[in-house]
Amino acid sequence: MRPVVTLDRVTKRYGDLVALDEVTLAVPQGRFVAVMGPSGSGKSTLLHCAAALDRPTSGTVKMGGTDVGRLSETKRTVLRRKHAGFVFQSYNLLPAISVQDNITLPLRLAGVRPDREWLDELVHRVGLRDRLHHKPAALSGGQQQRAAIVRALAARPDVVFADEPTGALDLRSAGQVLDLLRELVDELGQTVVMVTHDPAAATRAHETLVMADGRVIDVLDAPAPEELAVRLTRLAGGEPVR
Amino acid sequence: MIRIALAMARIGGLVVVFVAVLGGMALLTATGVIVDSGFRSQLPLRLVQAEVMVSARQSIPVKEDLPVALPERAPVPGSLVGVVREVPGVAAAVGDLSFPAAVVSGTSPPVPGGPATAGHGWSSLSLSGRLTAGRVPRGQDEISLRDGRLGERLRVVAGGRPATYRVTALVDAPGLYFSDAAAATLAGRTSGGRAGTVDLVAVRAAAGVSPDELARTLRQRLGDRYEIATGRYRSDAESPGAVAGRGLLLVLPGSIGGVSLMIVGFVVGGGLSLSINRQRRELALLRAAGATPRQVRRVVAVQGLAAAAPALAPGAALGYFLAARLGDLLVGIGALRADQPLVYGPLPAIAAALLLLGVVRVASWAASLRVSRMPVVSGVADLGEPSPFRTNAGLLLILASLVLSGAPLAVRTEAAAIGPATAAPLAVIGLALAGPRLVQRAAGALARSRFVARLSGPCWLAVHNTHGHALRTAGAVAALGMVVTLGLSVTLTQTTLAEARSAQAAPAMRGLVTITAPSLSGIPRGLLEEVRELTPAAGMVTTTVVTGPLAFADNPRLTARPVLGLGPDAEGLVDLDLVDGALSRLTGAAVALDEQVGRVGERLDVIMGDGARVEATVVATYRRGLAFGPIVVSRDLAAAHTTTGLDSAIMARPAALAPLLARWPAVEVTGATQGPQAGVASGQALVNLAVLAVLLAYLLVAVANRLVATTTARRDELDVLRRLGATPRQLRRMIRWEAVLIAAGASGAGIVLAAVPLVMLGIGFLSRPVPAGPLWLVPGSVLVVGLVVWLAVELPARRIR
Ligand SMILES: Nc1ncnc2c1ncn2[C@@H]1O[C@H](COP(=O)(O)OP(=O)(O)OP(=O)(O)O)[C@@H](O)[C@H]1O
Ligand SMILES: [Mg+2]
């Protein structure tokens with residue numbers, strides 16, 4: 001299948017610190033990819049580079065066939081608007097505007113007319129129909145995260161990046177959000193890349209990338225939670241994986 | 001606790017507090033120096049060797065208020081000198097006299113205290129200085145002074161009489177010294193109401209007797225009738241005019257002092273609430289970690305005081321500097337004499353520091369009340385809602401200000417202007433209180449409108465941010481609205497009153513010229529008669545009288561007011577627009593009154609400038625009260641109770657005066673004829689405007705500083721927007737649009753709040769619903785507000801890449 005995002009020997013340095021070390025990766029269309037690894041292993045950095053939020057130090061990132069590295073901040077933003085949606089651990093809804101306005105905000109910024117039917121369907125799917133006119137502060141954490149997911153999908157992006165989307169949620173809400181993501185992949189063919197610390201969450205994905213020290217050290221196809229848990233504990237203990 | 005508080009503090013918010021306190025400290029210290037000087041500033045002492053001085057009481061005690069100072073010299077009987085001399089412990093007692101004297105040939109350096117009191121009798125020199133060369137002046141035409149040549153002949157105008165004198169002695173004291181006999185004649189003590197009197201008795205104590213001891217003995221012997229001065233109070237006894245003059249210093253900052261304190265409180269409070277809002281999250285976490293609301297408030301208070309404390313010393317230094325500039329201005333407009341320096345004591349700075357720390361303490365308590373009490377769970381994303389109490393209080397104040405502005409419709413004396421003048425500060429406080437809700441409402445209406453829904457992303461976001469972050473926006477809107485309202489209303493109120501005054505004064509003095517002699521402190525005797533031979537002319541005396549309340553809103557006790565003394569010769573020349581009576585009857589104990597203040601035939605108790613109590617008859621009433629004040633006294637009455645006894649000006653029909661005036665040195669003719677009230681009022685107006693300018697500059701700097709801090713603190717918010725697909729250009733446009741909304745809201749609110757009282761004032765005083773200009777101040781103030789907002793927002797906005 002056609003890859004939506006490709007990374008070719010992408011390195012990201014912060015001073016002396018190598019956050020990403022020559023990562024090569026292709027995310028095919030319609031896949032649900034989980035990224036796991038110990039804290040500080042470079043997961044968020046990988047996501048930021050892949051989503052064109054940040055520029056790599058070296059290597060190339062291609063999104064929608066365009067090399068992101070050469071683009072100006074503005075051009076990158078325009079490209080990202082079209083191809084990528086983003087879901088954050090802390091929801092990042094703007095407190096000053098209603099949930100509905102939050103959802104359509106990226107479209108407004110892109111100057112694109114919202115697709116009413118599509119939005120209605122999304123809102124219905126996440127069960128937020130009667131909360132649309134509230135301010136985000138009036139919603140529960142799970143509801144806020146679901147609103148953020150609708151926002152990420154509003155422009156029908158090729159790929160949705162999610163950085164620990166369930167990190168701030170209780171078990172039940174986390175389950176709902178993960179189910180929602182999986183549904184979107186299965187029923188709408190959406191591509192999703194999700195960073196998580198929760199092995200149970202990773203099991204909903206098609207495949208799981210395991211990172212350590214800025215490198216992708218393993219790719220597991222639909223791993224069982226136990227297997228994942230074991231690998232991660234070993235990683236955390238500093239033992240070699242291979 | 002303190003360590004936590006300081007660790008948590010965000011530097012941005014505290015810089016705003018620091019700047020607010022710095023400016024506030026400067027303003028309050030400067031005002032304090034002026035007030036302190038109003039109590040203590042003095043002319044240099046002349047009779048330096050006199051340890052004790054006995055003089056008449058030069059003030060009227062007022063219950064529960066400061067005494068009213070009497071500017072004109074009240075003499076004491078000459079026999080008092082002998083009485084004092086007999087008191088044990090007195091080594092020498094001299095009856096001192098001062099009278100107007102000036103050398104008119106050549107240039108001589110100005111005398112401390114001015115020409116009004118430059119002439120003295122020779123015996124005074126025994127306590128003020130020494131003979132350095134020559135011999136004692138004995139004849140009527142002999143004189144001695146400091147800067148001259150022995151034997152030189154000088155043209156001198158003394159006691160209003162021009163004559164030629166020969167210098168027989170040089171002395172090391174300022175002033176002109178005449179023989180005692182000549183001095184008594186020139187000072188008008190040989191005949192008339194002041195015959196046989198002296199200004200004061202100057203006393204030197206015998207060896208071994210301390211001044212305080214001697215003063216006590218004198219007080220026992222003489223009773224309460226006389227003022228017995230020692231130490232620095234001697235200078236006050238020497239120059240009652242200076243004492244009354246410095247009283248003006250108390251009035252000047254008083255008129256705008258309340259406003260400045262309010263602004264300082266507002267700015268400091270705004271800075272603190274900004275700093276608190278930036279720490280909402282942390283403070284909420286602190287609460288979650290088990291801190292009580294009280295502890296949270298203490299954290300906030302410690303931060304506030306920590307930011308305020310380092311601002312105190314530099315602020316005080318700035319304040320003393322500012323006071324000196326203000327002093328120059330006061331000297332420039334004649335409100336303060338050049339040789340009467342301001343007093344730079346430590347007291348103003350200490351008082352200002354205590355006041356400001358109090359303000360910081362109260363403001364931080366008030367600003368942290370809500371944050372400290374919010375439930376532990378919320379608070380993180382909560383933007384805060386304006387409390388209904390606050391909104392209602394603000395709306396009430398605005399309403400009250402509207403009612404007050406109506407005063408000029410009901411009453412048309414000068415006092416009616418107090419209504420609109422108080423209305424503006426009230427309205428401004430109201431705006432600060434009700435601001436958040438008003439901004440929320442206005443921006444909310446805008447946000448819901450179809451028009452805005454169709455706007456581009458940045459513009460749409462700007463409107464919604466203004467609405468959603470109403471508390472944040474309203475601070476800037478209220479502060480800038482304050483600038484517009486205060487700037488417009490204070491300035492235009494002054495110009496409107498000035499125009500109303502000159503609209504009355506111009507026809508009153510149409511076709512007249514004014515003859516004055518400022519360097520002689522009065523019109524020399526005989527000039528009026530000579531002018532009168534050529535053209536109709538009237539003498540005019542300016543003095544001060546003290547009366548009870550005359551009109552609406554007057555001080556209920558005693559008020560000293562500058563008044564004009566006119567005589568029968570003013571009839572047909574000066575047109576007061578009489579309602580009843582005639583100026584021809586202005587002789588003896590007679591007064592004319594504003595028609596709103598009294599009727600012809602009534603009697604009025606008046607205390608003259610030297611303290612003499614007079615029961616005067618009202619002989620005329622007039623309409624031009626704005627130009628002439630509520631009361632005009634007879635010239636005889638006025639002249640009998642002034643220090644100099646001279647006319648201050650001559651009003652005359654134009655004629656060929658040049659040859660006449662050539663014979664009278666130091667006499668000036670001006671065509672411009674203003675009302676006598678104009679001078680005092682315009683001086684006061686100028687100082688008010690100067691203080692206002694400093695205040696508004698302070699307010700603008702504080703707002704700009706605050707806007708920069710607010711915009712910089714939005715980095716997180718901007719990061720989120722950027723991740724959601726906003727380009728840097730869009731973010732910059734959004735911030736600029738918000739700036740436009742702030743500037744527009746502030747200008748709109750400011751203009752509306754200033755307009756209501758000004759329109760009323762225009763109707764009341766100018767009979768038209770427009771105040772006097774310069775009306776370019778309206779677009780001007782909008783421009784200033786726009787510029788400040790633009791600068792403050794553009795700097796951080798440019799950094800977005
Ligand atoms: N802006 C930055 N400046 C300097 N170093 C950074 C920056 N962002 C990340 N790093 C460093 O890069 C490394 C990778 O960080 P990254 O945020 O990708 O880790 P992560 O895997 O997402 O960790 P976590 O699971 O804790 O979120 C870390 O060592 C981090 O300290
Ligand atoms: Mg991370």
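In the predicted model, chain A contains an open sheet of 4 strands, arranged in the order β2-β1-β4-β5 and paired in the antiparallel sense. Because β2 (residues 17-28) and β5 (residues 66-67) of chain A stand at the edges of this sheet, each has a single partner strand, and one side of each is therefore left without a neighbour in the sheet. Strands of a sheet pair through backbone hydrogen bonds, and this pairing may be either parallel or antiparallel.

Side chains of opposite charge can pair when their charged atoms come close. A salt bridge joins the side chains of A:Asp21 and A:Arg215, with a distance of 3.2 Å from N to O. Of these two residues, A:Asp21 lies in strand β2 and A:Arg215 in strand β10 (residues 215-221) of chain A, so that the partners are 194 residues apart. Over all chains, the count of salt bridges by this rule comes to 36.

The interface between the two chains was examined next. Here 21 residues of chain A are in contact with 23 residues of chain B. The size of an interface is often given as the accessible area lost when the parts come together. For chain B and chain A the buried area is about 2,000 Å², and carbon and sulfur atoms give 68% of it. Of the area that chain B buries against chain A, 34% is supplied by B:Trp460, B:Arg723 and B:Leu724, which is more than any other three residues supply. Across this interface the rule finds 0 salt bridges, whereas 3 residue pairs are found in polar contact.

On the side of chain B that touches chain A, at least two residues are supplied by each of the helices α16 (residues 457-468), α23 (residues 715-723) and α24 (residues 728-766). The largest share, 7 residues, comes from α16(B). When the residues of this side of chain B are sorted by class, 11 are nonpolar, 9 are polar and 3 are charged.

Notes:
Residues numbered from 1 in each chain as written. Chains lettered and ligands numbered in written order. Predicted model: local features only at pLDDT ≥ 70, side-chain atom pairs only at ≥ 80, totals over all residues. Heavy atoms only, no water. Pairing = 2+ DSSP bridges. Contact = heavy atoms within 4.5 Å. Buried area = accessible area lost by both parts, 1.4 Å probe. Salt bridge = Lys/Arg side-chain N within 4 Å of Asp/Glu carboxyl O. Polar contact = N/O pair within 3.5 Å; in protein donor to acceptor, adjacent residues only side chain to side chain. Nonpolar A, V, L, I, M, F, W, Y, C, P; charged D, E, K, R; others polar.
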